[in-house]
Amino acid sequence: MASSHGAPPVFNNKVIAWIDHRLPIFSYVEKEYHTFPTPRNFNYFWNFGAIATVMLVLMIATGVVLATNYTPHVTMAFDSVERIMRDVPSGWLIRYMHMTGASFFFAAVYVHIFRGLYYGSYKAPRELLWILGVVILLLMMATAFMGYVLPWGQMSFWGATVITNLFSAIPVVGDSIVTWLWGGFAVDNPTLNRFFALHYLLPFIIVAVVALHVVALHIHGSNNPLGIDPKGPQDTVPFHPYYTMKDGFGVICFLIVYAIFVFFYPNALGEPVNYVPANPLVTPNEIVPEWYLLPFYAILRAVPDKLGGVLCMFGAIAVLFVVPWLDTSRVRSCTFRPIYKWFVFLLVADVIMLGICGAHPPEGWYVPLSRIGTIYYFFHFIILLPVLGKIERPLPLPPSIADAVLKKKVA
Amino acid sequence: MASSTIPSGAHGDPTRRDFLMVATGAMAAVGAIATAWPFINNLNPAADTLALSSIEVNVKPIAVGQAITVKWRGRPVFIRHRTPEDIKEAESVKLSELPDPETDTARVTDSAKKVRPEWLIVVGVCTHLGCVPLGTKQGDPRGEYNGWFCPCHGSQYDTSGRIRKGPAPANLAVPSYLFTSDTLVKIG
């Protein structure tokens with residue numbers, strides 16, 4: 001049954017062999033998830049792709065179930081969500097799983113992105129893999145935003161108003177675009193209807209892009225903490241059972257933390273004001289998005305010009321698309337980049353600081369801090385990344401993965 | 001045989017086949033755009049949404065210095081019965097001091113060109129990111145210019161609803177309105 005590298009697998013079971021001869025799904029799974037040669041030196045950061053996949057499946061499963069009880073109408077949406085919470089069997093659990101799941105999905109994806117930045121996973125030949133990842137991030141943000149509107153609470157309504165109004169910053173056609181997005185003259189029933197339709201659609205598009213992401217990953221295989229290519233069988237292990245087990249362990253640890261939030265702190269990450277039904281005539285004292293969008297919200301507000309703020313906010317994501325070409329260093333892993341390593345940590349601190357600024361009203365110290373944070377964010381990608389790659393002297397790379405791993409054991 | 005009927009493009013000259021390819025491709029592109037249009041247009045406001053586009057308000061009960069909020073096209077509209085001081089303040093500002101220069105008179109003229117400086121009617125949506133500014137209700141903060149104050153990002157509007165300070169780029173919009181009598185106004 002099992003096979004060595006390269007040779008097609010032989011299936012003893014007649015039914016499996018019959019199917020596989022016509023539609024080679026078993027060969028595919030065997031090749032890509034069993035014998036697939038994977039670098040032997042993954043650390044736990046390499047769990048987060050699998051964790052994100054599990055969260056995506058979980059979000060779709062809970063979302064489909066929620067949709068069976070949800071009513072996308074301005075007079076009924078809020079009540080239908082409350083009915084899910086109070087009357088529908090296990091409704092409270094499914095909804096808390098979905099709500100908290102969004103936060104944990106983003107958390108997993110942010111760690112996954114950090115992993116890519118720190119270990120240079122975006123570098124040749126994995127540029128398209130990285131770009132597909134940024135596309136997934138954008139789709140996730142759009143999906144999360146529209147999902148947040150559906151309960152039709154105060155923050156749903158005003159968040160939708162503020163975010164759709166961003167497009168009014170576009171010169172000349174901005175106002176027409178906003179009317180078109182709304183399907184009316186304000187965020188109203190047509191807006192809620194289309195957001196529900198799109199919130200149901202986009203996750204399946206995410207699944208499709210994830211499939212492309214995985215296909216692209218399996219062409220050249222995973223990067224690894226050393227950032228050097230495997231040179232032979234001594235550098236790799238089969239994906240199964242080594243990484244199915246390691247991913248499984250990581251997924252379980254992650255889900256334990258997730259379950260603690262679902263069962264004990266389901267509202268810790270949300271805004272209480274969203275339990276007040278939407279009122280188009282009263283703006284809440286403060287409009288804040290969910291935590292995972294706060295750094296981008298801070299960038300939006302850091303710029304004193306409306307169009308400039310909108311451009312910087314979208315630019316903060318757009319710049320990620322060109323990271324593979326902005327980074328001029330030939331060394332992938334920050335393990336061997338003694339200077340750049342610290343700037344990656346500084347970028348993480350910067351994004352956290354921006355997140356804190358985004359959570360507070362733009363007054364006092366938060367204004368200069370969010371401006372400094374925004375400037376550093378763009379400085380990091382546009383200036384530091386290309387320049388440092390040229391002037392930094394990287395540490396010597398080990399001759400092979402096996403060599404480095406075995407030496408570490410001896411020492 | 002067939003090759004003799006097709007003019008040769010040996011010198012890089014476009015052939016009949018090139019022309020047919022380009023023409024067919026262009027028609028396909030036009031067809032694709034024409035097909036996409038109903039899908040895009042479908043998201044525009046529907047007839048019943050557009051039908052709700054005007055309302056009538058009796059302004060008689062609004063005392064001098066008072067303001068009310070009415071809902072028009074799903075959005076708040078502020079109607080303020082301005083005091084003589086409000087009007088004087090609004091008229092005395094130099095246009096060069098305004099980020100979005102507009103005379104007060106232009107903002108209190110109805111669609112029949114009749115000027116009623118005591119009535120200011122504006123859409124109560126901040127031109128920054130669409131919050132509802134405070135200042136209509138009694139006791140609301142009205143900002144440094146005694147008009148409206150947006151709590152979201154700190155924009156300040158004057159007694160004519162013009163932007164004076166903060167991130168908002170434009171004055172509060174004046175909807176098209178018409179006084180059908182001295183106390184009845186039709187908005188939209």
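In this predicted model, zero disulfides are found over all chains. A disulfide is a covalent bond between the sulfur atoms of two cysteines. For Cys312(A), the closest cysteine sulfur is that of Cys357(A), at 15 Å, which is too far for a bond.

The domain assignment divides chain B into domain 1, residues 16-45, and domain 2, residues 50-187. The centres of domain 1 and domain 2 of chain B, taken over C-alpha atoms, are separated by 46 Å.

Sheet structure in chain B was examined next. Strands of a sheet pair through backbone hydrogen bonds, either parallel or antiparallel. One open sheet of chain B consists of three strands in the order S2-S3-S4, with antiparallel pairing. Its edge strands are S2 (67-72) and S4 (119-123) of chain B, each of which pairs on one side only. From one strand to the next, the twist in this sheet averages 20°. Strand S3 of chain B, residues 75-81, runs antiparallel to S4(B) and is joined to S4(B) by five bridges. Within this pairing, His81(B) has Trp119(B) of S4(B) as its bridge partner.

A further open sheet of chain B is also built from three strands, in the order S5-S6-S7, and its pairing is antiparallel. Strands S5 (146-149) and S7 (163-165) of chain B stand at the edges; each has a single partner strand, so one side of each is left without a neighbour in the sheet. The twist from one strand to the next averages 40° here. Three bridges connect S5(B) with strand S6 of chain B, residues 156-158, in the antiparallel sense. Phe149(B) is bridged to Gln156(B), which lies in S6(B).

Conventions
Residues are numbered from 1 along each chain as its sequence is written. Chains are lettered from A and ligands numbered from 1 in the order in which they are written. This is a predicted model: local features need pLDDT of at least 70, side-chain atom pairs count only at pLDDT 80 or more; totals for chains, interfaces and linings use all residues. Side-chain values use heavy atoms; hydrogens and water are left out. A disulfide is a pair of cysteine sulfur atoms within 2.5 Å. Two strands pair if DSSP finds at least two bridges between them. Helices (H or I, at least four residues) and strands (E, at least two) are DSSP runs, numbered from the N terminus. Axes are lines fitted to C-alpha atoms, for helices over the stretch in contact, and angles run from 0 to 180 degrees between N-to-C directions. Domain bounds come from an automatic or database domain assignment.
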